Amino acid sequence: MIALWIILGVSLLLCGLYFFALYPGRKRKGIFSAFEKKYVAHRGLFDNGEIPENSMKAFQAAINEGFPIELDVQLTADKRLVVFHDETLERMCSSDKKISECTYSELCSYRLLKTDERIPLFSDVLKFVRGRVPLLLEIKHYSDPAGTASSLSDHMKEYRGEYAIQSFHPKAVAWYRKNEPHVARGLLATKYKKKNAKLKIPWHLFCSTLLLNFYTRPDFISFNRKYADTYPFRIVNRFYKVKCAAWTVRSKKELAKAKKVFTTYIFDSFLPE
């Protein structure tokens, strides 16, 4: 009988710890309102033909349509903050070099998908956008996520437009929780599989289960819309009612499904309306 009570007590304790770990914190009213019920242009409004992703042309196209812009930031070897998604230049610039191994001057010699567009400095993007649409800024996790978060914060000191930050790496989100608590922060997550895990163990295990919400206290969760039925996501979405952004929606059919679950829709490859 005593053993049964011990098992019951331990089970209740573990259950309590699990729900505590998933708890994203108190909802901060209105902090994510610039993006709620909005279509957010993934890496700008691009076609990866004449208009490459994360390019000035893509950002201009999104502004023309009035879409908030999602974009990616990471640091070069000489600590310049640039806008680029991949860890290497292979897909967009036909080079196997890593962004983190190149200086900004070296990156200037590359063209995006053989167009006239180059890899933008983040500071130039801010001057170009000038608050005309909200910005959803993804802090890449390939190297020094906390350092990248700090650099991003420095760039945003004088910016007057609406924005929020997000990252797959909990360290980047936690940096904003500690140092810039007034900024809306989100955790990017998905159902991780070994073949395409975006983070090294143990980070990808924690992210896929959302068990570091107690550490990051995200204002919103950006989740892979393919896995909206994942148990941890369903808890934070339905039980804790945290704001949730769907990535990446690529058709009107996918959008219709996402609208049943999510509050924000990060899209590419089609026009939502």
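Contact here means heavy atoms within 4.5 Å. The legends below describe close-up views of a predicted model.

**View 1. Surroundings of isoleucine 221.** Not counting residues up to four places away in sequence, isoleucine 221 touches Leu187, Leu210, Asn213, Phe233, Val236, Val242, Lys243, Cys244 and Ala245. After H10 comes lysine 241, which has a positive phi, near 55 degrees.

**View 2. The largest nonpolar core.** This core comprises 70 residues, and Ile221 is among those with the most contacts inside it, along with Leu71, Phe122, Leu135, Leu137, Leu152 and Phe262. The greatest contribution to this core is made by strand S8 (residues 243-249), which supplies five residues. Another core, of 13 residues, lies apart from it and includes Phe84, Cys102, Tyr104 and Leu107.

**View 3. The salt bridge between glutamate 36 and lysine 243.** The closest N and O atoms of glutamate 36 and lysine 243 are 3.2 Å apart. Glutamate 36 is located in the loop between H1 and strand S1 (39-42), whereas lysine 243 is in strand S8, so the pair ties together parts that are 207 residues apart in sequence. Glutamate 36 counts as partly exposed because its relative accessibility is 23%. Lysine 243, at 29% relative accessibility, also counts as partly exposed.

**View 4. A network of salt bridges.** The linked residues are Arg43, Glu53, Asp72, Asp86, Arg91, Glu138 and Lys140. Aspartate 86 is buried, at 13% relative accessibility, while arginine 91 is partly exposed, with a relative accessible area of 39%. Glutamate 138 and lysine 140 are likewise joined through their side chains, with N and O 2.8 Å apart. Glutamate 138 counts as buried, at 5% relative accessibility, and lysine 140 is buried as well, with a relative accessible area of 3%. The count of salt bridges in the model comes to 13.

**View 5. A nonpolar patch on the surface.** Trp5, Leu8 and Leu12 make up this patch, and together they have about 350 Å² of accessible area. Leucine 12 is placed in helix H1 (residues 2-22). Its relative accessibility is 58%, so leucine 12 counts as exposed.

Conventions. Residues are numbered from 1 along each chain as its sequence is written. This is a predicted model: local features need pLDDT of at least 70, side-chain atom pairs count only at pLDDT 80 or more; totals for chains, interfaces and linings use all residues. Side-chain values use heavy atoms; hydrogens and water are left out. Patches are made of residues with over 30% relative accessible area and no salt bridge: like charges are joined within 9 Å, nonpolar side chains (Val, Leu, Ile, Met, Phe, Trp, Tyr) within 5 Å. Accessible areas come from the Shrake-Rupley method with a 1.4 Å probe; for residues, only the protein chains shown count as cover. A salt bridge is a side-chain nitrogen of Lys or Arg within 4 Å of a carboxyl oxygen of Asp or Glu. Helices (H or I, at least four residues) and strands (E, at least two) are DSSP runs, numbered from the N terminus. Buried means under 20% relative accessible area, exposed over 50%, partly exposed in between (1.4 Å probe, protein chains only). A nonpolar core is a set of buried Ala, Val, Leu, Ile, Met, Phe, Trp, Tyr and Cys residues joined through side-chain atoms within 4.5 Å.
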